[in-house]
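Hi there,

Here is the structure I promised to pass on to you. Please open it beside this email, and then read on for what was found in it.

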Amino acid sequence: MLFHRKLLIKRAVYCSCSDGLIKDIGPASTIDFQYAGVSFDKVIDATGMCVIPGLVDAHTHPVWAGDRVHEFALKLAGATYMDVHRAGGGIHFTVEHTRAALASTLLASLIGRLGRMQRAGTTLVECKSGYGLELQTELKMLEVIETARRTLPINISSTYCGAHAVPKGKTVAEATTDILKVQLPRLSERMLAGALRVDNIDVFCEQGVFDLSSTRSILQAGLDMGLNINFHGDELHPMNSAQLGAELGALAISHLEEVTDEGIAAMATAKTAAILLPTTAYILRLPQPRARDMLEAGVIVALGSDFNPNAYCCSMPVVMHLACVNMRMSMPEALAAATINAAYALGRSHTHGSLEVNKHGDLLVLNAPRWEHLIYQLGGHQELIRYVVIRGNVVYNNDKTMDF
Ligand SMILES: N=CN[C@@H](CCC(=O)O)C(=O)O
Ligand SMILES: [Zn+2]
């Protein structure tokens with residue numbers, strides 16, 4: 001009897017038609033023998049190639065209008081991130097342009113950016129709001145993310161980041177009250193009505209932005225609404241963000257360039273993941289996050305591109321390369337950080353981040369004899385990623401001679 005199934009990657013994996021989950025995985029001999037004579041919608045012969053899990057990008061800011069290429073020049077000339085921010089640029093510049101932009105314009109640019117990420121191997125991506133800093137624009141951004149989540153194949157974890165900066169004309173206390181009394185209640189209504197799905201809450205906990213006590217109250221309010229805590233901490237100054245996150249049961253904290261030993265120990269005990277962002281330290285010439293100390297202390301280390309107008313990078317292979325060279329991670333550590341650990345940081349490690357039976361059929365077929373080429377070849381992913389597969393569907397085919 002002939003069975004009809006969705007996708008067989010010869011020598012590796014087979015995904016089911018009905019739900020796009022991995023139904024079988026194993027050595028070439030077993031898979032080839034077991035499914036000989038079975039009919040599939042698509043068959044990929046991966047002989048001589050590598051099959052790895054789809055990459056997971058645990059930290060991005062992909063919804064915004066107005067680039068900041070002019071600020072890149074200022075920073076190259078010596079201005080710091082906070083010099084630009086205090087002068088009314090940085091996040092404030094982007095807020096001004098994003099408030100003025102139509103949702104349709106934001107959606108079109110988001111689709112383009114997510115397409116670039118997908119072609120670079122990302123199959124699950126965290127997407128933040130945070131360039132509105134008031135109810136209307138924060139909701140506009142979250143709705144744009146929601147539309148992308150419902151219509152594109154790429155998996156999205158959505159994050160409310162209304163505390164990304166203190167809006168011009170407001171104090172920290174006023175901004176915190178607006179978030180607690182205006183933005184979060186409205187967000188909760190929209191979520192309960194089924195109009196929006198939001199997974200995480202984020203705050204930029206930093207000197208001159210949100211202090212520890214306002215960060216605590218915003219994160220706690222998000223937690224009470226059922227959101228996962230996943231926030232920016234200890235980036236430019238040691239703020240005891242790591243200890244706060246561990247105490248609140250945060251799923252993840254990002255940046256951590258300035259984390260202390262106590263913070264590292266607290267995160268290891270609480271199983272709070274560290275999302276390290278090699279592009280930020282590289283572009284801003286910051287001290288590198290202490291990946292080795294974290295790994296040795298048993299912290300779950302994940303990676304993110306930090307795609308935003310300050311760090312314009314859509315490529316997790318480049319991020320893994322920087323993590324290996326600048327943060328001294330090994331290539332297997334970087335791959336784990338960009339797959340299963342990043343999925344953990346997003347609360348998705350039971351369904352994403354590794355090739356296992358009953359997980360999502362999200363994977364990459366690499367045109368290389370060893371998977372390490374994806375990290376070793378700096379900026380070379382365009383030549384290496386042959387197929388990107390999400391839920392058993394080929395969403396990107398880099399073989400110009402074949403038509404899927
Ligand atoms: N540090 C705060 N937020 C972003 C930068 C956002 C921006 O500059 O627009 C980050 O993660 O690097
Ligand atoms: Zn960020």
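**Notes on the structure**

R328 sits in the loop between α13 and α14; helices here are DSSP runs of H or I with at least four residues, strands are runs of E with at least two, and both are numbered from the N terminus. The phi angle of R328 is near 60 degrees, a positive value in a residue other than glycine. R328 counts as exposed because its relative accessible area is 63%. The word "exposed" means over 50% relative accessible area, "buried" means under 20%, and "partly exposed" lies in between, with a 1.4 Å probe and protein chains only.

Before you go further, this is a predicted model, in which local features need pLDDT of at least 70 and side-chain atom pairs count only at pLDDT 80 or more, while totals for chains, interfaces and linings use all residues. Residues are numbered from 1 along each chain as its sequence is written, chains are lettered from A and ligands numbered from 1 in the order in which they are written, and side-chain values use heavy atoms, with hydrogens and water left out.

You will find D234 in the loop between β10 (228–233) and α9 (241–248). Is D234 buried or exposed? D234 is buried, because its relative accessible area is 1%.

**The ligand**

Which residues come nearest to ligand 1? Of the 15 residues around ligand 1, they are R68, Y81, Y131, H255 and D306; a residue is near a molecule if one of its heavy atoms lies within 4 Å of it.

- Y131 has a side-chain N or O atom 2.6 Å from an oxygen atom of ligand 1.
- D306 places a polar side-chain atom 2.6 Å from an oxygen atom of ligand 1.
- H61 has a polar side-chain atom 3.4 Å from an oxygen atom of ligand 1.

On its own, ligand 1 has 330 Å² of accessible area, and the protein covers 100% of it; such areas come from the Shrake-Rupley method with a 1.4 Å probe, and for residues only the protein chains shown count as cover.

**The nonpolar core**

The largest nonpolar core has 94 residues, and those that touch the most other members are L114, F210, L256, L276, M294, L303 and M320. Helix α13 (residues 316–326) gives the most to this core, with 7 residues. A nonpolar core is a set of buried Ala, Val, Leu, Ile, Met, Phe, Trp, Tyr and Cys residues joined through side-chain atoms within 4.5 Å.

**A few more residues to look up**

T176 belongs to helix α7 (residues 172–192). T176 counts as buried because its relative accessibility is 7%. Which backbone oxygen does the side chain of T176 reach? The side chain of T176 reaches that of V172, at 2.7 Å.

K75 is part of helix α2 (residues 69–76), and at 9% relative accessibility K75 counts as buried. Although K75 and L284 are 209 residues apart along the chain, 7.5 Å separates their C-alpha atoms.

L335 is in helix α14 (residues 331–337) and is buried, with a relative accessible area of 13%. Between the C-alpha atoms of L335 and M316, 19 residues apart along the chain, there are 9.7 Å.

P153 lies in the loop between α6 (135–151) and β8 (155–163). P153 counts as partly exposed, because its relative accessibility is 41%. From C-alpha to C-alpha, P153 and K128 are 18 Å apart in space, and in sequence they are 25 residues apart.

Enjoy exploring, and write back with any questions!

Definitions and conventions. Polar contact = N/O pair within 3.5 Å; in protein donor to acceptor, adjacent residues only side chain to side chain.
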